Amino acid sequence: MDFLRPATWAEALALKAEHPGARPIAGGTDVMVELNFDRSRPPALLDLTAIRELATWERDGDRIRIGAGLPYARIIDELGGALPGLAIASRTVGSPQIRNRGTVGGNLGSASPAGDAHPPLLASDASVEVESVRGSRVLPVVAFFLRPKVSALEPDELIRAVRVPRADGPQQFAKIGTRNAMVIAVCSFAVALRPSERRVGTGIGSAAPTPLRARDAEGFLAAELDWDGAGPLDDGVARRFGELVAAAANPIDDVRGTAGYRRHALSVMARRTLGWTWAEYRKGAAECA
Ligand SMILES: Cc1cc2nc3c(=O)[nH]c(=O)nc-3n(C[C@H](O)[C@H](O)[C@H](O)COP(=O)(O)OP(=O)(O)OC[C@H]3O[C@@H](n4cnc5c(N)ncnc54)[C@H](O)[C@@H]3O)c2cc1C
C-alpha cells in the first residue's frame, strides 16, 4: 500500500486527482479500524495530517469555519461558546484518546448514520466545503449524506472545512448508548433554538439510513414557542414535538436496539433536550429583562 503525505492542500488535491482510489486519513480512528479488521484495502493512504490549515478554525462573519482536521478535543476546549451543540456532542465521542485524534472531517468522511457530529451540524444548518483540482463546492450538510456510509463526495474530492453558523440561542445534544462512554449511539438527537429567526433546528442520528432533520417537528415547535413572553414550556407542545421527531425517523432493528425502542428514545430525548434549551432561553430572557 502506498503512503502519500502531502505538505499542502494544493498538493493533496493534486495527489487525490492522480490517485482517486487513495483513502484520505486524518485522525485514523475509523480508517485504521477498517484496515486492522481487513474490511478495506485501499491502494494508497493519503495522510492529511501535515496540512496545518486543516487543523485550524476561524471566524467567518456569523459562522465558524472548522478545518476538516480539527480534533474534537479542540472543539470542546475552544468552541463551546460559539457552537455549544457540536461541543456537547464532541464530548460524547469515544474516549480522550479518540477525541484527541478524531475529527469532524473524518466523521463526515465516514458518513455513518451514527456519527455524533452529524445531528448538531444538521440542527445548525451547517455546510460542507469540498474541493478537487476541478474547483470547490459548498453542500448543505443535509445534502451531504446519501446512503449509509456513502456521502456526496466525488472520488477526486476532499473535505476542506465545515461552516457552522454561530449559535444565537441554546443548543443541546443527547445520545443513547448501551453504557455511558465509548459507545456507538443507539440513537441521538440535537436541537438548536434560533430566537433571532424564530426558528428551530433538529438533527437525528442512528435512526435512519442517513442522519436527518425532523422538519415537521421544527415547524411545529417554531410556531408554538412563546418566543416573546418566554413563558413556561407547555407539556402538550413538548409531547407533540417528541412525537413528531419520532415520526421523522426511519429506524431498523439491529444489534444495538429495535426500531420501536429507537422511536421511543427519540421522543424522550426530543422532549428532554427541548426542556433544557427552553429553560436556558427563559433564564437568558429573565436576565435581560
Ligand atoms: C474506540 C472508538 C470509539 C469511537 N467512538 C465514537 C463515538 O462515540 N462517536 C462517533 O461519532 N464516532 C466514534 N468513533 C469513530 C471515529 O472516531 C469518528 O468517526 C471520527 O470522527 C473519525 O475521525 P478521524 O479523523 O479519525 O477519521 P479517519 O479515520 O482519518 O477518516 C474517516 C473517514 O473519513 C475520510 N476522510 C477523513 N478526512 C477526510 C477529508 N478531509 N476529506 C475526505 N475524506 C476524509 C477517510 O478517508 C475515512 O473514510 C469511534 C472510533 C473508535 C476507534
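1. An N or O atom in the side chain of N107 is 2.9 Å from an oxygen atom of the ligand, a polar contact being a pair of N or O atoms within 3.5 Å. The model is predicted, with local features needing pLDDT of at least 70 and side-chain atom pairs counting only at pLDDT 80 or more, while totals for chains, interfaces and linings use all residues. Residues are numbered from 1 along each chain as its sequence is written, and side-chain values use heavy atoms, with hydrogens and water left out.

2. The ligand is surrounded by 32 residues, of which P24, T29, D30, Y72 and T103 are the closest, where a residue counts if one of its heavy atoms lies within 4 Å.

3. Helix 9 (residues 215-224) and helix 10 have axes that come within 8 Å and cross at roughly 165°; they are therefore roughly antiparallel, a term used for angles over 145 degrees. The crossing is left-handed, and D216, A217, F220, L221 and E224 of helix 9 meet V237, R240, F241, L244 and V245 of helix 10, contact meaning heavy atoms within 4.5 Å. By class, these residues are seven nonpolar, no polar and three charged.

4. Helix 10 (residues 235-248) also packs against helix 11 (residues 259-288), at an angle of about 140° and with the axes 8 Å apart, which makes helix 10 oblique to helix 11. Helix 10 passes helix 11 in a right-handed crossing, and the contact involves A238, R239, F241, G242, E243, V245, A246 and A247 of helix 10 with R263, L266, S267, A270, R271 and L274 of helix 11. This contact has eight nonpolar, two polar and four charged residues.

Note on methods
Axes fitted to C-alpha atoms, helices over the stretch in contact; angles between N-to-C directions. Helix = DSSP H or I, 4+ residues; strand = E, 2+ residues; numbered from the N terminus. Parallel < 35°, antiparallel > 145°, perpendicular 65-115°, else oblique. Left-handed = near helix turned anticlockwise from the far one by under 90°. Nonpolar A, V, L, I, M, F, W, Y, C, P; charged D, E, K, R; others polar. Polar contact = N/O pair within 3.5 Å; in protein donor to acceptor, adjacent residues only side chain to side chain.
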